[in-house]
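Hi,

Here is the structure I promised to pass on.

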Amino acid sequence: MTFKELTLAASVVFAGLWSGLLAMLTLITHPMLAAMDGRNFEHFMRAFLPVARKSWFNYACAIGMAIAPIVALVALRGNPGSASFVLTAIGLALVILGVYVVSNVWKEPHYDVMLAWDPEAMPTGWTAGRRRYFALNWIQAAATWTAFGLFLMALVLL
């Protein structure tokens, strides 16, 4: 396996792992959370978010999804017009915008809002807050699934 193939394969692996995490979150956990009343939703989030926010797995995948494609782009720099280079660059842009920007600008601050809710006296707009949480997860899922497909295609076309 060449260095170019290795870096693109690493991009596929990290995006694939993150894609699986987001599939579990959006397709399995969301329906479970949607069925909960405010008190139970808040109790779940109080248990889930502190662990999820500090998980080594989250950090490894998020960092790997950026570092591996950057290294791949450096390895592919000799042919910047190639399909593999272009697909990798687009995938990296999706990771930066759909994972990093969404997380840091909207998702993490929203976690702080949700964790400030009192489970025994939920605010009147808590269901809108839950919908926002779901929407942010779906945005990240779509971006990550697309990046995964682009990285995979870049590897196949190499």
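R130 sits over the face of F41, 5.7 Å from the ring centre. Bear in mind that this is a predicted model, so treat what follows as a description of that prediction.

What else does F41 touch, once its neighbours within four places in sequence are left aside? Besides R130, the contacts are L33, M36, M114, W117 and W126.

F41 belongs to helix α2, where it is one of the buried residues, along with G38, E42, M45, L49, A52 and R53. Those buried positions pack against α1 (3-34), α3 (56-75), α4 (83-115) and α5 (126-157). The helix itself covers residues 38-53, which makes 16 residues. From first C-alpha to last, α2 reaches 21 Å, close to the 22 Å expected at 1.5 Å a residue. There is a bend in α2 too, of about 25°, and you'll find it at M45.

**The cores**

As a general rule, nonpolar side chains in soluble globular proteins tend to be buried together. The largest nonpolar core here has 24 residues, and the members touching the most others are W18, F41, M45, M114 and Y133.

**Aromatic pairs**

I also went through the rings, and the structure holds 6 aromatic pairs. One of them is W56 with F57: the centres are 5.9 Å apart and the planes are at 85°, so this pair is edge-to-face. W56 counts as exposed because its relative accessibility is 66%, while F57, at 25%, is partly exposed.

W138 and W145 are also edge-to-face, because their planes are at 85°, and their ring centres lie 6.1 Å apart.

Finally, Y111, Y133 and F134 form one aromatic cluster.

Cheers

Definitions and conventions. Residues numbered from 1 in each chain as written. Predicted model: local features only at pLDDT ≥ 70, side-chain atom pairs only at ≥ 80, totals over all residues. Heavy atoms only, no water. Phe/Tyr/Trp six-rings, centres within 6.5 Å; stacked < 30°, edge-to-face > 60°. Buried < 20%, exposed > 50% of the residue type's maximum accessible area, 1.4 Å probe, protein only. Lys NZ or Arg CZ within 6 Å of the ring centre and 35° of its normal. Helix = DSSP H or I, 4+ residues; strand = E, 2+ residues; numbered from the N terminus. Expected span 1.5 Å × (residues − 1). Bend = angle between axes of the 7 residues up to and from the residue. Contact = heavy atoms within 4.5 Å. Core = buried A, V, L, I, M, F, W, Y, C linked by side-chain atoms within 4.5 Å.
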